Amino acid sequence: MASQTASEREQLNPPSLVQLAAGAIRRMILSGELGPGERLIELALTDRLGISRPPLREAMRLLEQEGLILVQPRRGATVATLTDQDVYEILTLRSALERTAVELGVPVRIPERLDACRAALGRMEEAARAEDRAALVESGYAFHASIVAVAGHRRIDEIYASLHRQLLLCMARNLHVRERYYEDLDVHVARHRHLLELIEAGDPRAVLEELAVHGERSFSQR
């Protein structure tokens with residue numbers, strides 16, 4: 001019997017009920033619908049998602065492993081909360097990795113590496129038009145990860161990827177604050193488009209100057 005192609009395997013193995021439930025709750029968290037520290041009430045979620053408690057609890061275990069929720073005895077599950085120190089450490093580490101990647105990778109010597117940046121920016125634009133904040137956060141992470149990847153430095157890529165879920169929480173909180181006080185979704189995406197234009201122009205100093213106000217400094221304005 002011939003081996004299955006990747007596309008055939010995807011068709012034969014659709015997302016499970018647990019994965020779908022985890023994805024739905026993940027979107028609620030990243031969109032800001034469920035805020036930091038908010039309790040996840042099983043009865044309300046089973047009613048909303050149309051599932052029973054066993055798959056919901058398994059979905060919560062997946063989200064706990066991702067660091068998006070916290071489950072405590074007798075207190076149940078709550079959305080993960082980051083302290084100010086957590087945010088400072090995560091975003092300063094992100095900035096250090098991005099600066100190093102820019103110093104090593106700009107001007108970009110392999111133009112194909114910019115394809116992932118452009119694709120992620122396109123997804124950000126689509127999410128902004130749809131007002132899909134969860135998708136905007138996830139595509140925003142992909143955009144920044146693709147910037148890091150222009151350096152072609154595997155170990156930097158791996159360290160950045162290890163921050164994935166923590167960065168999603170920070171970026172979700174950042175988007176909520178900036179949208180409330182500073183900018184709409186279109187302006188949010190425009191800042192990222194400008195950053196990519198500077199990278200494409202090949203001036204590392206200009207990219208680093210933009211990153212200095214794009215990252216943790218802009219996040220900590222309020």
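**View 1. Strands β1 and β3 pair in the antiparallel sense through two bridges.** Strand β3 covers residues 76–79. Strands here are DSSP runs of E with at least two residues, and helices are DSSP runs of H or I with at least four residues, both numbered from the N terminus. Two strands count as paired if DSSP finds at least two bridges between them. Leucine 40 has alanine 77 of β3 as its bridge partner. The model is predicted: local features need pLDDT of at least 70 and side-chain atom pairs pLDDT 80 or more, while totals for chains, interfaces and linings use all residues. Residues are numbered from 1 along each chain as its sequence is written, and side-chain values use heavy atoms, with hydrogens and water left out.

**View 2. The hairpin of β2 and β3 has three residues between its strands.** Four bridges hold the antiparallel pairing of β2 with β3. Valine 71 stands opposite alanine 77 in β3. Within the hairpin, arginine 74 takes a positive phi near 70 degrees.

**View 3. The open sheet has three strands in the order β1-β3-β2.** The pairing in this sheet is antiparallel. β1 (39–40) and β2 (69–72) are at the edges with a single partner strand each, so one side of each has no neighbour in the sheet.

**View 4. The largest pocket holds about 230 Å³ of space.** A pocket is an open set of points on a 1 Å grid over the protein atoms alone, where a 1.4 Å probe fits, with protein on both sides within 12 Å along at least five of seven lines. Grid points are joined across faces, edges and corners, and the volume is the space filled by probe spheres set on the points. Lining residues have an atom within 4 Å of a point. There are 13 of them, and Gly35, Pro36, Leu169, Ala172 and Arg173 are the closest to the pocket centre. Helix α9 (residues 164–181) gives the largest share of the lining, four residues. By class, the lining has eight nonpolar (Ala, Val, Leu, Ile, Met, Phe, Trp, Tyr, Cys, Pro), one charged (Asp, Glu, Lys, Arg) and four polar residues (the others, Gly among them).

**View 5. The secondary structure of the protein comes to twelve helices and three strands.** The radius of gyration, taken over C-alpha atoms, is 19 Å, close to the 17 Å from the globule rule (2.2 Å times the number of residues to the power 0.38) for 222 residues, so the protein is as compact as a globular protein of that length.
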